[in-house]
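Please open the model in your viewer and keep the selection panel at hand. The tour below goes from one selection to the next and says what is there.

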Amino acid sequence: MAETLDFKSRLIESIRTLQLKYLLLQNINDDENSLAIVALPGGTVTTSYYNGVKDKALPYEIRGKTKDPEEVENELTRIAEYLSDLEKLTSKNGSFEFIDIKVSDEPYFEGAEESAYFYFSLGFTANITVF
C-alpha cells in the first residue's frame, strides 16, 4: 500500500527555514497574524506510467492574515522567491519526488475585515512525481 503523501508537510518544514515573522500553518489562518498553506482544487495528472507512478501538477496557495499589510506582502514575496529557486525537497517516506515549483503570481490583496485584518495570497503549482 502506498505511503501517505508527505509533500505539504515537507514543504512547510522547508519554508519555515526562512524564519518568517509569522507562523506558517496548514489550511487555516490563526486568530492572530499568520500564514497558511492551502491545497487548491484543480490538480492534474500530467503523466501516468504503466507501474502506477504519476507526475502531478498540484496548485497551492499561501494566505497571509495580518494587521500590517506591507509586512505580510514582504513575507509572501520572500516565500515566492524561495519557492522559485527551490531545487530539492525530499520525502521522508518515499511518497514523492520533487520536480519543481512554478509561482503563478505575485502576492496579491484578497480583502480586509472590520477587525482591521488584511488578507494577501500567493499562488503556486508544485510539480511532483507520486509513487
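Is Phe 118 buried, partly exposed or exposed? Select it: Phe 118 is partly exposed, because its relative accessible area is 27%, where buried means under 20%, exposed over 50% and partly exposed in between, with a 1.4 Å probe and protein chains only.

Before going on, please note that this is a predicted model, in which local features need pLDDT of at least 70 and side-chain atom pairs count only at pLDDT 80 or more, while totals for chains, interfaces and linings use all residues. Residues are numbered from 1 along each chain as its sequence is written, and side-chain values use heavy atoms, with hydrogens and water left out.

Read from the N terminus, their order is α-β-β-β-β-α-β-β-β. The C-alpha trace spans about 55 × 25 × 25 Å along its principal axes, and 43% of the 131 residues count as buried.

Next, display the aromatic side chains, among which a search of the whole structure finds 5 pairs; rings of Phe, Tyr and Trp (its six-membered ring) pair if their centres lie within 6.5 Å, and planes under 30 degrees apart count as stacked, over 60 as edge-to-face and the rest as tilted. Select Phe 109 together with Phe 118: the ring centres are 6.5 Å apart and the planes stand at 50°, so this pair is tilted. Phe 109 is itself partly exposed, at 46% relative accessibility. Phe 120 is buried, with a relative accessible area of 7%.

For a further aromatic group, select Phe 7, Tyr 60, Phe 96 and Phe 124, which ring pairs link into a cluster.

Finally, go to Ala 112, which is found in strand β6 (residues 108-112) and counts as exposed at 52% relative accessibility. Leaving aside neighbours within four places in sequence, Ala 112 is in contact with Tyr 117 and Phe 118, contact meaning heavy atoms within 4.5 Å. To end the tour, select Gly 42 as well: C-alpha to C-alpha, Ala 112 and Gly 42 are 26 Å apart in space, and they are 70 residues apart in sequence.

Conventions:
Helix = DSSP H or I, 4+ residues; strand = E, 2+ residues; numbered from the N terminus.
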